[in-house]
Amino acid sequence: MYTTPTIRRALAATAASAAVVLALGACSSGGGGGGADSRGDITIWLSNNETEIAWGTQMFEAWNAENPDEQITSQEIPAGSSSEEVIGAAITAGNAPCLIFNTAPVAVPQFEKQGGLVDLSSFEGGEQYIEDRTGDAAEQYQNADGEYFQMPWKSNPVMIFYNKDMFTAAGLDAENPSLATYDEFLATARTLVASGVAPNAILPAPTSEFFQSWFDFSPLYAAETGGDQLVEDGEATFNDEDGLAVAEFWATLYDEGLSGKETYQGDSFADGEAAMSIVGPWAVSVYQDAVNWGAVPVPTSEGTPAAETYTFSDAKNVGLFSACENQGTAWDVLKFATSEEQDGQLLELTGQMPLRDDLTTVYPEYFAANPAYEQFGDQAARTVEVPNVANSVAVWQAFRDAYSKSVIFGEGDIQTSLDDAAAEIDALVADE
Amino acid sequence: MSLVTKAPPAAGSAPAGARGGHQKGDRRRRALGKNPIGLLLSAPYLIFVLAVFAWPLVFAVWMSFHEYFFAAPGAQVDRPFVGFDNFREVLGDPDVIRSFGNVGIFLIINVPLTVVLSLVLASALNKAVRFRTFLRVGYFVPYITASVAVVGVWLFLFSGAGLVNQILGPLAPEPSWLINSQWAMPTIALFVTWKQLGFFILLYLAALQNVSQELYEAAATDGAGKVQSFFSVTIPGVRPATVLVLLLSTVTGANLFTEPYLLTGGGGPNGASTSPVLLMYQRGIEQGSPDVAAAIGVLLVIGVLIIAFIQRQVAGGDES
């Protein structure tokens with residue numbers, strides 16, 4: 001009989017292996033962070049965007065020169081399918097850095113729930129500093145209890161970019177394009193496609209990822225409503241008359257073949273596959289040598305004046321993470337990195353808009369020297385952020401699924417689809 | 001071969017200390033076996049299996065019965081036992097039900113196509129004299145090429161203005177393949193079949209080397225043609241490989257993720273190509289509900305085990 005020794009040997013090997021696995025697991029678990037007054041060296045993560053690395057490098061070099069006992073070490077956010085997944089994993093592993101200068105507002109409620117973020121309001125003068133810098137727009141970044149678990153940092157207010165050469169070739173006025181109302185926009189789109197200058201008038205990504213609605217529905221809904229968020233006071237807002245108007249506008253573009261339903265592999269605007277695009281100020285430097293472009297605010301049903309038009313912010317903020325040992329230093333660095341001087345550097349080096357009140361009057365020389373950014377600087381004062389609610393990503397996925405079904409692929413009634421999504425989202429927001 | 005023999009110690013002659021040593025040695029031998037070095041050599045793989053497969057599976061089952069989310073070390077988090085709540089939520093979610101239906105369609109197309117094509121092509125390759133190496137490499141290249149790279153080629157082939165539609169002309173489906181609710185999943189199934197074929201052809205080629213040439217000669221003597229030999233000799237001869245191919249293609253098919261994620265833009269159109277694993281990624285990683293994702297995973301494992309059992313019973317023959 002050999003069964004018993006065999007089993008015993010297997011158990012012995014399993015136990016030994018399990019011990020090693022558990023030991024390795026124990027080694028990998030990290031500890032908590034330090035207190036709000038602790039000081040010393042810190043690590044920060046930056047986006048892998050070339051211009052943001054340039055800004056980050058000059059920022060930490062300036063800090064390090066003045067603070068030999070509190071040095072900053074910087075690195076790019078480790079590669080992953082998205083920054084949010086990498087940050088979420090780092091929080092769980094306990095090895096998140098002190099500051100991440102690329103924290104998406106949509107992920108903040110989840111990071112907060114994970115216990116990964118520090119409440120910036122808990123620092124002395126923290127709330128005051130944020131509100132003095134960002135003004136009324138700061139309110140969008142508070143959680144339900146009025147706390148700030150993110151520092152509003154920079155926005156990329158989206159606008160309609162259009163290809164002037166294509167407009168001219170289609171016999172349209174390229175300097176004063178007729179794109180203010182839905183009717184004007186649709187008429188222009190029909191002319192562009194019918195003339196054959198581009199296969200698509202505009203081509204937002206028709207895919208199902210939760211964030212894609214930030215670049216089709218959201219900017220137009222913000223403009224149509226004069227600044228409403230997708231969810232307000234715990235309830236979905238988008239299934240109202242304004243939401244239906246925006247959804248029907250996009251549905252018309254898809255239904256008439258003015259916007260394609262297939263994913264384009266590449267940059268449709270740069271490649272001439274679309275005559276228009278919805279982009280932020282980052283596009284100025286990207287397209288300056290590739291496309292003869294112009295920019296206008298997103299359309300509304302009645303043609304809201306540019307100076308009153310809202311849009312989606314596409315903001316990225318800064319999170320201070322609970323794994324940080326020297327949170328006192330991290331808070332000081334955060335204030336240094338969002339100072340008037342460093343915000344000016346951010347504007348200069350990246351062309352992205354610091355989330356700072358009265359941006360155009362604080363940096364008049366920059367906008368005078370860079371008129372291409374002036375529209376975006378002005379637009380930055382009227383931006384709408386993703387709602388800071390529980391299950392934020394699930395909320396956006398529910399909306400995207402409904403939008404994809406009824407608007408992009410034309411299945412079912414649009415109003416019913418929006419109502420169903422609103423009911424689902426209300427339940428998600430209520431489920432803390 | 002060498003034989004090492006050891007004379008037994010004379011009864012009653014061993015000192016007490018030596019007897020104690022023998023007892024320790026016996027205990028050690030009982031625990032570790034005659035060849036402890038074997039345990040040492042197998043330990044790395046055992047650790048790998050425990051850490052990468054067994055432990056996550058056990059943990060996933062545990063998660064699926066608790067309210068669970070990933071939290072920072074030291075965070076005060078309540079993770080109560082919730083019984084079957086996560087399973088109730090999953091089974092009441094039409095998106096989840098649809099994803100299982102989608103992967104069912106995928107398996108119905110992919111698995112039989114994989115078995116038939118790989119067996120036929122392996123048999124042909126086994127007989128081929130000219131270009132044998134070239135053909136073998138040709139079939140294997142898609143398998144070792146990253147999905148991300150070949151997805152780009154298929155997007156070019158199957159887009160509205162792509163090569164396939166240009167060849168088909170008026171016969172091309174409208175809307176095109178990857179944005180057509182009826183055709184999206186079959187197109188993905190075709191893609192995966194093509195991509196994985198090289199690996200399964202290799203399995204069959206290896207199995208074909210074990211089919212005795214004498215059987216073919218005997219069949220020929222009895223008047224069997226090539227087709228009859230294929231059905232009467234080849235197919236029964238590679239039955240163990242067929243069971244393996246069935247199991248592997250079912251398991252890899254049930255884990256479908258990359259193709260709907262990339263080829264149809266996140267499970268489109270309108271969820272027609274969403275797979276359970278894609279939903280697990282959305283719910284568990286993107287939306288921060290790993291408990292719900294774990295419940296989907298547990299159901300998927302159970303489903304795959306049931307299918308695998310049926311396949312083994314039906315196709316395994318004496319091997320089962």
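Mentor: Let's start with two helices of chain B: the crossing of α9(B) and α10(B) is right-handed. Bear in mind that this is a predicted model.

Trainee: Why are α9(B) and α10(B) called roughly antiparallel?

Mentor: Helix α9 (residues 213-221) and helix α10 (residues 226-237) of chain B pack at about 160°. Angles over 145 degrees count as roughly antiparallel, and therefore α9(B) and α10(B) get that name. Their axes are 10 Å apart.

Trainee: Which residues make the contact between α9(B) and α10(B)?

Mentor: On α9(B) you'll find Leu215(B), Tyr216(B), Ala219(B) and Ala220(B). On α10(B) there are Ser229(B), Ser232(B), Val233(B) and Gly237(B). They divide into 5 nonpolar, 3 polar and no charged.

Trainee: Over to chain A. What makes Leu347(A) count as buried?

Mentor: The cut-off is 20 or more other C-beta atoms within 10 Å. Leu347(A) has 24 C-beta neighbours inside 10 Å, so it counts as buried. You'll find Leu347(A) in helix α12 (residues 340-350) of chain A.

Trainee: What does Leu347(A) touch, leaving out residues up to four places away in sequence?

Mentor: Pro354(A), Tyr363(A) and Tyr366(A). As for Phe215(A), 132 residues away along the chain, its C-alpha atom is separated from that of Leu347(A) by 22 Å.

Trainee: Which residues of α3(A) are buried?

Mentor: Ser83(A), Glu84(A), Ile87(A), Gly88(A), Ala90(A), Ile91(A) and Thr92(A). What covers them includes β3 (99-103) and α4 of chain A.

Trainee: How is chain A divided into domains?

Mentor: Domain 1 takes 42-149 + 316-354, and domain 2 takes 159-313 + 388-430. Their C-alpha centres lie 30 Å apart. Where they touch, domain 1 of chain A gives 11 residues and domain 2 of chain A gives 10. Helix α4 (residues 108-113) of chain A supplies the largest share of the domain 1 side, 3 residues.

Trainee: How do you know what kinds of residues are on the domain 1 side?

Mentor: By sorting them: the side of domain 1 that touches domain 2 in chain A has 6 nonpolar, 5 polar and no charged residues. Gly goes in with the polar ones in that sorting.

Trainee: Last one. How many residues are in contact between chain B and chain A?

Mentor: 38 residues of chain B are in contact with 44 residues of chain A. On the chain B side, the elements giving two or more residues are α1 (16-32), α2 (36-64), α6 (147-158) and α13 (276-286). α2(B) gives the most, with 7 residues. That side of chain B divides into 21 nonpolar, 15 polar and 2 charged residues.

How values were computed. Residues are numbered from 1 along each chain as its sequence is written. Chains are lettered from A and ligands numbered from 1 in the order in which they are written. This is a predicted model: local features need pLDDT of at least 70, side-chain atom pairs count only at pLDDT 80 or more; totals for chains, interfaces and linings use all residues. Axes are lines fitted to C-alpha atoms, for helices over the stretch in contact, and angles run from 0 to 180 degrees between N-to-C directions. Helices (H or I, at least four residues) and strands (E, at least two) are DSSP runs, numbered from the N terminus. Angles under 35 degrees count as roughly parallel, over 145 as roughly antiparallel, 65 to 115 as roughly perpendicular and the rest as oblique. A crossing is left-handed if the near helix is turned anticlockwise from the far one by less than a right angle, and right-handed if clockwise. Two residues are in contact if their C-beta atoms, placed from the backbone, lie within 7 Å. Domain bounds come from an automatic or database domain assignment. A residue is buried if 20 or more other C-beta atoms lie within 10 Å of its own, exposed if 12 or fewer, and partly exposed in between; C-beta atoms are placed from the backbone.
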